[in-house]
Amino acid sequence: MIVTAGLTKRFAQVLAVDHVDLHVREGDRYGFLGPNGSGKTTVVRMLLGLVYPTSGTIEVLGAPVPQRVSAVLPQVGALIEAPSAYGHLSGRANLMLIDASGPRAHGGRGNRKRRVDSALDRVGLGAVDDRAVRKYSLGMRQRLGLAAALLRSPRLLVLDEPTNGLDPQGIREIRDLLGELNAAGTTIFLSSHQLSEIEQLCTRVGVVDRGRLVLQDDLAALSGPTGRVRVRTPDAGRAVALLDGRVVHRDEDRLVVADADVALLNKELVAAGLRVSEIGPERRSLEDLVLSVTGSGSDRFGTRPAPATGGFSAVVADGSAPRDADAGRSRQ
Amino acid sequence: MIVLVELAKLARRPRSWVAIALLCGLPALVAVFVAVTHVAPPPGQGPALLSAVLSNGSLFPAAALAIVLPIFLPISVAVVAGDAIAGEASSGMLRYLLARPVGRTRLLVAKLVAIITYVLFAVIAVAVTSYIVGIVLFGDKPISLSSGSITSQSVIANSLSGTPLTPADIILRTVGAVAFIAVSMLGVGAIALFLSTLTDSSLAAALGAMAALIASGVLVALNAAAAVSPYLPTEYWLAWLDFFRQPILWRDIERGFAIQALYVVVFLGAAWANFASKDVTS
C-alpha cells in the first residue's frame, strides 16, 4: 500500500524527514505517531505529492509518487492537517465543487448529488442545512473534511488528526466509521499525536521523532507484558525487605517487582502475612513506549522537566499515579 | 471540468460582483454629473472622449472605458488574479484540490481562463451598461457634419481627417476597443498570477501587481526612461483611442497586443515553473 525507502526532505537548513522507511500493508489500520513538529505532516504531504522529497522513493498503491501521482490519488481520500472549505458556501456546495474538481469520478456527473449525499450521511451530516461553512462548529468542519475524503470511496484513507475538535461522542462515531470502512477493505493511515486515538483504532504503529522513524511494528507485539509485576500494598516497607532486591521501583505503597509470575508472587507475599490490595502484570502502554523512543516535541523550547521514572506511573490501573513530571520530581 | 469549477467559484464570490458593480457605477456617476451640469471637460483634458459624449451618447462606452482603465479595472483584475493561487493556499483548499487530484498545470490554466473570462466580462459589462446610460442621458443624435466630426473635436483634435463616424462604425470601433482593453489587462493578470504562486497572501500578490503597474506608469511618463518605455506594460494602454481615429492607426494597437502577449507568455511561464516545482505546505 505505502512503501517508502530512505525518504528524506530538507527544507533549507532544516532536515524535516530523515531516511524514513514506511511500510503500510493493504488492510492495515496504521497509526503514524510523533510529537508536534516531528515530520509527520511533511511525510503525509510527500505521500500525496504535495511536497517533493529531497531523496528517497515513495510507492503508494504500487505506483511511484510523485511521478505517477495522478494515477494514485483518485483512489486515495485525504484529510491533511485541518479540514478546509470555502467559508461562504454551504457544506454541500463545497462537496459538489470538490467532486467536480479532478478526474471524473465513478458514475460521472449524474451521480454527483448522490455521492455527496451519501458522504454527508456517512459522517453524520446528512440532515445539515444550507448554512455557510463559515458558521460551522469545529466538529462539523471536521466531519465535512472527512466527507470530502470519503467522496470517492477510496482504497486508502490518509487522515491527519481526524477527530480533532470532536466531542467524545463524535470521536466514538468516527472511530466506528473508520472501523467499518477498514472492515470493508479500506486501508487507513492515521497520523496523530494523540496516543489514545491510535491505541484504540490502529493495528500497527510507526513512531516518528525528529524526522526519523524510530519504531514500526504491530501494536499487539509492542504492548505485551514487560515481565514485571506491579503490586500495591499497605505493607510496602516489609514487602521490600521480603523481596530483597527484586523490587525495581517503589512509589509509596506501589511497587514494581522483577518477577514474571503474578500468582507465585502473590502467594509469596500473602504467605508472609502481607496485605495485597492490587497485583497484576505490568504492561507496556503505548504512551510509555512512545515517550521512551521520542524526544520532546519541537514546540518546546527550554529544558525539559524530568520524566516520570520507570514504566510504572503511567500503567497503574486506577489512574491516580502522577502523570505530570513535576509531581514525579517533587518526590525524588 | 476544472475550468467550469473555477468559473463557478468566481461567480459565487460576492466580491466579483461588487467589483463589477463598482466598475459600471463609476462611469454612470460621471455621466450623471455631466448630463446634469452640461459641463464637460474641454477637449484634451479630463477623461478622453468625455467632451464628445454630450453631443452623442453612443460614444459614452468608450469614454466609460477611459474612466475605468487607469485604476479601477487594473485593481479589480489584480485582486482576482492575485487571489487565484494564493487565495486557495490561504483558505487551505489548495492542498485538497491538488490531492483530488487536479494537476498543477491544469489548475494554473483553469485559473488563467477564469481570469480572462472575468476581464472580458467586466469590460463588456462596462461597455454595455455605459452604452445604455449614454443613450438614456445624452441620446444618440447622428453626428452633425457641419460642426466637424466628433472625433476631431474630442480625441486628438488636430491630427484627424474629420470624417464622420456612422453609428455602426462607432459600435464596431467600440468592440475593437473592448477587445484591446481586455487584452491590455492580461499583462496585469499574468503578473498577479505569477506573484500569487509565490506567496500565500492574495493581498500581497494583488498589491505587488499594482506596484508593478504604478512603477510602469511612472517610467512611461518619464522622458529619461524613453529607452525602456516601449517594453513597459502600460505604454500602449491608451492605444485603443486610435480605434476612434479616421483612419484607424494600427501601429500602437499592434504593439500593444504584442507587448501584452509577451508579458502573458513570460509571467505565465514563470508562474508555471514556480508552481509546478513548488512544495505545497499551506
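Where in chain A does Ala12(A) lie? Ala12(A) sits in the loop between β1 (2-11) and β2 (14-20) of chain A. Here are some close-ups of this predicted model.

**View 1. Ala12(A), a residue with positive phi.** Although Ala12(A) is not a glycine, its phi is positive, at about 50 degrees. Is this residue buried or exposed? With 5 other C-beta atoms within 10 Å, Ala12(A) is exposed, because a count of 12 or fewer puts a residue in that class.

**View 2. Asp244(A), with a positive phi in a residue other than glycine.** The phi of Asp244(A) is near 40 degrees. You will find Asp244(A) in the loop between α9 (236-243) and β13 (247-251) of chain A. Asp244(A) is exposed, having 7 other C-beta atoms within 10 Å.

**View 3. The cis peptide bond between Val65(A) and Pro66(A).** Omega for this bond is about 5 degrees. Pro66(A) belongs to the loop between β6 (63-65) and α2 of chain A.

**View 4. The cis peptide bond between Arg100(B) and Pro101(B).** Here omega is about 10 degrees. Look for Pro101(B) in the loop between α6 (93-98) and α7 (104-138) of chain B.

**View 5. Where chain A touches chain B.** In this view, 20 residues of chain A are in contact with 20 residues of chain B. On the chain A side, the elements giving two or more residues are α2 (69-72) and α3 (91-100). The most comes from α3(A), with 3 residues. Sorted by class, this side of chain A has 15 nonpolar, 4 polar and 1 charged residues.

Technical notes. Residues numbered from 1 in each chain as written. Chains lettered and ligands numbered in written order. Predicted model: local features only at pLDDT ≥ 70, side-chain atom pairs only at ≥ 80, totals over all residues. Contact = placed C-beta atoms within 7 Å. Helix = DSSP H or I, 4+ residues; strand = E, 2+ residues; numbered from the N terminus. Nonpolar A, V, L, I, M, F, W, Y, C, P; charged D, E, K, R; others polar. Buried ≥ 20, exposed ≤ 12 C-beta atoms within 10 Å, placed from the backbone.
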